[in-house]
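Subject: Handing over the model

Hi,

Here is the structure I promised to pass on. Have a look at it first, then read my notes below.

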Amino acid sequence: MCILRKRLKKYYQRKLEKIRKEYVSDNIPATNTIEELASIHLTLGELYLYEEEVADAIVEFDMAVSILYTITIYVYEKQR
């Protein structure tokens, strides 16, 4: 089971890197990436927790919250 979680973590880490590169190189607006990036960070956080890598899990959860917080501020400012 441990090997499967490690492979899943690697998969999501590669996916996160690929998505970031694609969006930057294709000049895709940040609002299109928010859900996808936050979801990947949450998934990675869960996988780290299963491996009892709490510090890494906290980093991933913090990244997800930061991304969602940023879009919340963006939407709020846009509505003003």
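A quick term before anything else: I call a residue buried under 20% relative accessible area, exposed over 50%, and partly exposed in between, using a 1.4 Å probe and protein chains only. By that scale, lysine 21 is exposed at 53%.

Two notes on where the values come from. This is a predicted model, in which local features need pLDDT of at least 70 and side-chain atom pairs count only at pLDDT 80 or more, while totals for chains, interfaces and linings use all residues. Residues are numbered from 1 along each chain as its sequence is written, and side-chain values use heavy atoms, with hydrogens and water left out.

**The overall picture**

The chain has three helices and zero strands, so named from DSSP runs numbered from the N terminus (H or I, at least four residues, for helices; E, at least two, for strands). Buried residues make up 25% of the 80 residues. The accessible surface is about 6100 Å², with 58% of that belonging to carbon and sulfur atoms; areas come from the Shrake-Rupley method with a 1.4 Å probe, and for residues only the protein chains shown count as cover.

H2 covers residues 34–50 and reaches 25 Å from its first C-alpha to its last, close to the 24 Å expected; the expected span is 1.5 Å times one less than the number of residues. Buried residues in H2 include Ile34, His41 and Gly45.

The largest nonpolar core has 12 residues, among them Leu16, Leu37, Tyr48, Ala57 and Ile71. H1, H2 and H3 each supply at least two of its residues, and H2 gives the most, with six. A nonpolar core here is a set of buried Ala, Val, Leu, Ile, Met, Phe, Trp, Tyr and Cys residues joined through side-chain atoms within 4.5 Å.

Leucine 37 touches Leu16, Ile19, Arg20 and Ile67, leaving aside residues up to four places away in sequence; contact means heavy atoms within 4.5 Å. Over in H3 (residues 54–79) sits alanine 57, buried with a relative accessible area of 1%.

**Salt bridges**

How many salt bridges are there? The count comes to three, a salt bridge being a side-chain nitrogen of Lys or Arg within 4 Å of a carboxyl oxygen of Asp or Glu.

- Arginine 5 pairs with glutamate 51, with the closest N and O atoms 2.8 Å apart. Arginine 5 is in H1 and glutamate 51 in the loop between H2 and H3, so this pair ties together parts 46 residues apart in sequence.
- Lysine 9 and glutamate 53 meet at 3.2 Å, N to O. This pair also links distant parts of the chain, from H1 to the loop between H2 and H3, 44 residues apart. Lysine 9 is buried at 7%, whereas glutamate 53 is partly exposed at 27%.
- Lysine 21 and glutamate 17 meet at 3.1 Å, N to O. They are four residues apart in H1, about one helical turn.

Over to you!
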